[in-house]
Amino acid sequence: MRLRLWRRASRLHAMDGFQKVLLLLMIVLSVFMLLPIVYIFNHAFKPYHELFVYPPTFFVKEPVLQNWNELVAVTARSTVPMVRYLFNSVFISGLAVLLVTAASALCAYPLAKHRFPGYKLVFAAIILTLMFAPEVVQIPRYLVVSQLGIMNTYFGHLLPLMAMPIGVFLLKQFMDQIPNALLEAARIDGANEFTVFLRIVIPVCKPAVATIAILAFQSSWGNTESSALFMMDEEMKSFAFYLSTLTNNLANNVAMQGAAAVAALILFVPNLIVFVILQGKVIATMAHSGIK
Amino acid sequence: MATILINHVYKRYSSSKHAVVSDFHMEIKDKEFLVFVGPSGCGKSTTLRMIAGLEEISEGEVYIGDRLVNDLPPKDRDIAMVFQNYALYPNMSVFENIAFGLRLRKLPRHEIDQSVRRAARALELDAYLDRKPSQLSGGQRQRVALGRAIVRSPQVFLMDEPLSNLDAKLRVQMRMEIIKLHKTLGVTFVYVTHDQVEAMTMADRIVVMKDGLIQQIDTPEAVYSTPANTFVAGFIGSPQMNFIEGRIQKEPTGRLAFHTSRFAIPLPQDIAAMLERHGLIDKRVTLGIRPENISLEGLYSDAVITGIFKLDELMGADRYLHLEIGQERLLVLRVQAHIRAVEDEPLRIVPDMSKALFFHPDTGVRFA
């Protein structure tokens with residue numbers, strides 16, 4: 001332990017002035033980035049008089065569970081039980097993570113490693129879609145979902161999520177880095193194209209896949225759009241949507257602010273968990289270890 | 001049994017009319033160690049990749065054994081390939097890297113285990129089976145790549161510059177291991193390199209290539225002593241063969257001699273007869289002579305060149321002397337290390353004309 005401490009200190013010692021300034025800057029920045037998370041956690045436990053205190057405080061002084069009780073009370077009154085919304089969200093998000101990463105990877109692999117006529121055009125089209133704001137595509141999306149006749153189904157939740165251009169882009173860039181010799185070696189070893197993809201390409205791209213899994217989870221877990229636009233039945237709607245209806249139009253309202261604070265926390269926690277699980281993979285830099 | 005017949009093969013990329021490999025035609029014998037050698041961009045790797053099935057064949061046929069393989073995917077050609085950058089799967093352990101091909105063939109588990117361990121023992125990798133490629137040194141990685149190839153006991157081994165990423169000492173060691181491997185496996189090896197020393201030391205036969213064209217196919221000895229043209233003569237051998245531009249003339253005594261603006265060297269009978277047969281009297285020719293076939297003047301000789309000593313390179317046992325003899329390039333000769341010369345002083349040297357080669361001054365083709 002002592003040795004490790006000493007090493008840390010020596011590393012700090014080895015930094016020049018510029019690096020120390022950068023380090024300080026990064027620390028300040030990361031604390032700043034952490035503030036909303038601290039705020040969400042504290043907010044959920046604030047009693048009413050603290051919720052409305054001005055100027056707002058980050059840390060709770062007298063933590064209470066009253067907001068949780070309020071949320072439970074509110075949900076008890078709803079026609080569809082809360083667990084149904086929760087189930088919908090878990091089910092949709094779980095499937096979305098699988099389907100989005102699979103679709104992105106399957107799309108990125110040929111773009112990165114196969115030269116088919118028009119591949120540049122396809123990739124350019126995917127990049128182009130990165131530029132659209134989500135609001136722009138709401139109406140076309142609605143038309144697609146409605147024409148396909150998948151309104152009011154889980155597939156209606158999933159399909160709009162599955163086209164994630166940022167995922168394709170990220171994975172393609174990552175796959176570009178894989179040396180062709182690696183794929184050729186596998187082909188000579190007897191692998192068919194799908195085996196190469198599954199056993200070589202995907203494991204090597206793990207960091208990018210993990211990143212996309214996080215993005216896919218976040219976009220599906222917090223998604224209220226598909227519930228609002230494509231779902232008619234209350235029992236098909238998502239947890240995020242349900243919580244947003246609870247807390248909507250509360251800007252000038254005192255009632256239920258406590259429930260809203262708890263709802264925000266509940267919505268946030270799964271994101272945090274998924275990120276913590278996968279972050280090791282995201283940070284892990286790809287080791288081109290077999291390649292000199 | 002795996003002879004490889006490469007029948008008038010061409011490689012063109014669709015974007016250009018220019019062929020990267022033109023009219024490549026040869027038969028690689030069973031159990032032969034064949035080396036493709038040439039400068040980078042000469043098409044040697046492309047040819048190897050066409051045999052492997054990694055590159056499409058634009059024209060011509062490739063047979064492995066008696067099977068036409070033009071349209072067979074690499075995995076059905078019964079080949080193994082070792083790449084320059086090793087191409088080990090970074091996500092798998094050494095064991096899994098070697099076993100990958102066997103697993104894909106759905107061999108029983110104990111059989112896979114057995115053959116991987118046998119290969120690992122032969123390549124002294126037993127201690128590293130659990131490691132990831134990133135934890136190995138360059139030489140070990142190369143041995144894993146070799147292991148991956150040998151466990152599959154293919155008919156043909158293809159190697160694409162496998163040693164060029166290793167340092168000089170390791171390269172010599174691995175060279176020996178590959179030669180040993182070829183002897184024990186007794187299968188056909190096709191080996192690509194840009195290093196003429198590797199080609200000379202390992203090959204049963206060498207294919208020298210340039211600009212997509214075969215320049216010569218022959219044994220290392222023959223390629224060295226009777227190169228087909230000035231390119232092969234210059235590419236094989238280090239230091240390079242000396243080329244001297246001059247003219248064949250008949251002396252008043254009736255003997256033939258090689259004349260440059262500075263000196264004249266009488267030619268021995270058999271070479272003179274050969275040159276006469278080609279009708280080269282009073283014609284320009286390029287004389288080629290290797291550095292080891294030139295010596296410092298002895299007791300008596302009638303073929304003496306006087307050059308101005310410019311610089312020398314000590315190679316340990318030998319010393320290379322560079323002399324100015326009125327040609328575009330300095331003449332190099334190999335002498336013993338203890339011989340020293342004084343800069344800018346004349347030095348009298350004697351080429352062994354019985355070892356001299358004559359080339360066409362424009363096409364570079366050797367007269368024989």
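Start by selecting domain 1 and domain 2 of chain A: their centres, taken over C-alpha atoms, are 29 Å apart. The domain assignment, automatic or from a database, gives domain 1 as 15–64 and domain 2 as 82–283. This is a predicted model, in which local features need pLDDT of at least 70 and side-chain atom pairs count only at pLDDT 80 or more, while totals for chains, interfaces and linings use all residues. Residues are numbered from 1 along each chain as its sequence is written, and chains are lettered from A and ligands numbered from 1 in the order in which they are written.

Next, show the contact between the two domains of chain A, to which domain 1 and domain 2 each bring 7 residues; contact means C-beta atoms, placed from the backbone, within 7 Å. On the domain 1 side, α2 (17–43) and α3 (48–51) of chain A each supply at least two residues. The largest share of that side, 3 residues, belongs to α2(A). Helices here are DSSP runs of H or I, at least four residues, numbered from the N terminus.

Now select α8 of chain A, residues 154–162, where A:G156, A:H157, A:L158, A:P160 and A:L161 are buried (20 or more other C-beta atoms within 10 Å of the residue's own). Around these buried residues, display α5 (82–113), α7 (138–147), α12 (206–221) and α13 (225–230) of chain A, against which they pack.

Last, select B:M81. Leaving out residues up to four places away in sequence, B:M81 touches A:A185, A:I188, B:A52, B:A149, B:L158 and B:D160.

Notes:
Buried ≥ 20, exposed ≤ 12 C-beta atoms within 10 Å, placed from the backbone.
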